[in-house]
Amino acid sequence: MMEAALFQLRATLADDPELLPMRLSADVLANAIKAAKAGGVNAARVNDIDFALNDLVTAAEDAGAPDAIASAIALLQDDAAVLRGATALPEETLAAIRELHTRLRTRAKALERGQYRAEGTDPAPLPHPPEELRELAIPLARQLSAAGFATPSLDLLVAEPEELRYHSINELVDELDVIAGA
């Protein structure tokens with residue numbers, strides 16, 4: 001269904017040189033749609049479509065796009081909303097993301113606070129040891145992989161929990177935010 005709206009959009013864009021950024025964004029969106037069609041629609045591919053569509057919307061707003069383009073984009077947004085609903089991550093997965101996210105943030109704050117202690121004092125014990133976080137990450141990594149998401153930071157926590165550092169916590173939190181749409 002998105003292909004028809006995309007075809008309409010491309011016909012409306014034609015060869016107007018002032019609309020080049022929109023044509024480029026439409027091409028990126030077409031590639032995301034093509035990848036979803038070829039490899040199967042899943043949550044990760046719908047996120048790619050959403051990202052490309054948001055880029056197209058921004059390009060249209062920047063160009064002051066005519067009404068015909070705005071209506072084609074509105075059709076694409078409606079179709080994307082249907083896809084999002086059909087491929088949304090289960091609530092249990094989102095809850096697992098939130099739980100891990102909360103524990104990671106708590107650990108990161110403790111690591112940060114630990115840098116500012118009186119000289120000669122022992123560091124306070126850190127909450128949520130890496131092994132505990134790893135146990136939460138294992139089923140989550142499986143669920144996200146099944147939904148089509150690449151999770152290099154999460155995979156690193158599973159494979160090498162002892163390597164969990166402040167910067168890797170932040171990378172993992174960012175990765176989870178992108179997946180959860182936060």
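Mentor: The model is predicted, so local features need pLDDT of at least 70 and side-chain atom pairs count only at pLDDT 80 or more, while totals for chains, interfaces and linings use all residues. Residues are numbered from 1 along each chain as its sequence is written, and side-chain values use heavy atoms, with hydrogens and water left out.

Trainee: Why is P161 called buried?

Mentor: Buried means under 20% relative accessible area, exposed over 50%, and partly exposed in between (1.4 Å probe, protein chains only). P161 has 4% relative accessibility, so it counts as buried. P161 lies in the loop between α7 (152-159) and α8. Its C-alpha is 9.1 Å from that of E132, 29 residues apart along the chain.

Trainee: What makes a stretch a helix here?

Mentor: Helices are DSSP runs of H or I with at least four residues; strands are runs of E with at least two; both are numbered from the N terminus.

Trainee: Is L19 buried or exposed, and how do you know?

Mentor: L19 has a relative accessible area of 9%, so L19 is buried. L19 lies in the loop between α1 (2-13) and α2. L19 and E131 are 112 residues apart in sequence and 52 Å apart in space, C-alpha to C-alpha.

Trainee: What makes A95 partly exposed?

Mentor: A95 is at 33% relative accessibility, so it counts as partly exposed. A95 sits in helix α5 (residues 91-114).

Trainee: Why is H128 called partly exposed?

Mentor: The relative accessible area of H128 is 21%, so H128 is partly exposed. H128 is found in the loop between α5 and α6 (130-146). H128 is not a glycine, yet it has a positive phi of about 50 degrees.

Trainee: How do you know how α5 and α6 are oriented?

Mentor: Axes are lines fitted to C-alpha atoms, for helices over the stretch in contact, and angles run from 0 to 180 degrees between N-to-C directions. Angles under 35 degrees count as roughly parallel, over 145 as roughly antiparallel, 65 to 115 as roughly perpendicular and the rest as oblique. The axes of α5 and α6 cross at roughly 150 degrees and come within 10 Å. α5 and α6 are therefore roughly antiparallel.

Trainee: What makes α2 roughly antiparallel to α3?

Mentor: Helix α2 (residues 20-39) and α3 pack at about 165 degrees, with axes 9 Å apart. That makes α2 roughly antiparallel to α3.

Trainee: At what angle do α3 and α4 cross?

Mentor: The axes of α3 and α4 cross at roughly 160 degrees and come within 10 Å. That makes α3 roughly antiparallel to α4.

Trainee: Is the crossing of α3 and α4 left-handed or right-handed, and what decides it?

Mentor: A crossing is left-handed if the near helix is turned anticlockwise from the far one by less than a right angle, and right-handed if clockwise. The crossing of α3 and α4 is left-handed.

Trainee: How do you know the classes in the lining of the largest pocket?

Mentor: Ala, Val, Leu, Ile, Met, Phe, Trp, Tyr, Cys and Pro count as nonpolar, Asp, Glu, Lys and Arg as charged, and the others, Gly among them, as polar. The lining has 11 nonpolar, 3 polar and 4 charged residues.
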